[in-house]
Amino acid sequence: MNAATRDPERTRATILDGAEEVFLEKGFGNASMSEIARRAKVTKSLIHHHFGSKEELWREVKFRRFTEYAERQMAMLKSAGPADDVGLLRDSMKFYFYFLRDNPQLVRILAWMFLERDTEECIHKDRELITLGVERIREGQKAGKIRDDVDARFVLFIFIGLAQHWFQDCNHFQHDFDTDDLPVDLNEAYLQDAMKIFFEGVLPR
């Protein structure tokens, strides 16, 4: 009995790790099952045994990475009390930003996920997060803690966009903007200013 037979869950995880590397490096169309098998150090037949096809393997790669974030963010949204709306919004923004920073694979997976829109499990989880997030913002608006002259859906969408756009396009900032007088940690510098603008506006105080 080989290791793969003894520990199928570990084998699945190993295959997913290898597949994620190949898919994100080469894209779905250029990724081959042979290359994935080589990275994961398994046979192609074992990949087919666990996932059936390249399409199913790609769906599972996206689902695994997105679920890790979604479940932790959902727990945060559900555990916060009714008096925590603004604090929750701040904490959620920091959590999402740092999660993308620490999991750069998710940035590319999110781009593919919303471009392809073929992973219903991910889309369903995303809609659950959006629904609950908008609900919490509206609660804050009704309590007078968040301004109510803006649509809660736009508030959440801007919050998401501020984090995602930085990690999708920060190379553009680094290459084409003058960064000589900025802190070495551009991620943290951007987050602090993005949160100031998001929560306080751009007009002089």
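The axes here are lines fitted to C-alpha atoms over the stretch in contact, with angles running from 0 to 180 degrees between N-to-C directions. On the helix 6 side, Tyr 96, Phe 99, Leu 100, Arg 101 and Asp 102 meet Pro 104, Leu 106, Val 107 and Leu 110 of helix 7, where contact means heavy atoms within 4.5 Å. By class that is seven nonpolar, no polar and two charged residues. For the classes, Ala, Val, Leu, Ile, Met, Phe, Trp, Tyr, Cys and Pro count as nonpolar, Asp, Glu, Lys and Arg as charged, and the others, Gly among them, as polar.

A quick word on ground rules: this is a predicted model, so local features need pLDDT of at least 70 and side-chain atom pairs need 80 or more, while totals for chains, interfaces and linings use all residues. Numbering starts from 1 along each chain as its sequence is written, and side-chain values use heavy atoms, with hydrogens and water left out.

## The overall picture

The protein has 10 helices and zero strands. Both kinds of element are DSSP runs numbered from the N terminus, with helices being H or I of at least four residues and strands E of at least two. The C-alpha atoms fill a box of roughly 65 × 45 × 25 Å along the principal axes.

Of the 205 residues, 39% count as buried, meaning under 20% relative accessible area with a 1.4 Å probe and protein chains only; exposed is over 50%, and partly exposed lies in between. Take contacts between residues at least 6 apart in sequence, and 66% of them join residues at least 24 apart.

## Cores

The largest nonpolar core has 37 residues, and Phe 66, Tyr 69 and Leu 100 touch the most other members. Such a core is a set of buried Ala, Val, Leu, Ile, Met, Phe, Trp, Tyr and Cys residues joined through side-chain atoms within 4.5 Å. Apart from it lies another core, of 17 residues, including Leu 24, Ile 36, Leu 57 and Trp 58.

Back to Leu 100: leaving aside neighbours within four places in sequence, Leu 100 contacts Leu 106, Val 107, Leu 110, Ala 163, Gln 164 and Phe 167.

## Aromatic rings

The whole structure holds 15 aromatic pairs. Rings of Phe, Tyr and Trp (its six-membered ring) pair if their centres lie within 6.5 Å; planes under 30 degrees apart are stacked, over 60 edge-to-face, and the rest tilted. Tyr 69 and Phe 95 make a stacked pair, 5.8 Å centre to centre with 20° between the planes. Tyr 69 belongs to helix 5 and Phe 95 to helix 6, 26 residues apart, and both are buried.

There's also a cluster made of Phe 97, Tyr 98, Trp 166, Phe 167, Phe 173, Phe 177 and Tyr 190.

## Around helix 4

Helix 3 (residues 33-40) and helix 4 (residues 44-51) pack at about 95°, with axes 9 Å apart. That makes helix 3 roughly perpendicular to helix 4. Met 33, Ser 34, Ile 36 and Ala 37 of helix 3 meet Lys 44, Ile 47 and His 48 of helix 4.

His 50 is also found in helix 4, and at 17% relative accessibility His 50 counts as buried. Beyond its neighbours within four places in sequence, His 50 touches Pro 8, Thr 11, Arg 12 and Ile 15.

Definitions and conventions: Angles under 35 degrees count as roughly parallel, over 145 as roughly antiparallel, 65 to 115 as roughly perpendicular and the rest as oblique.
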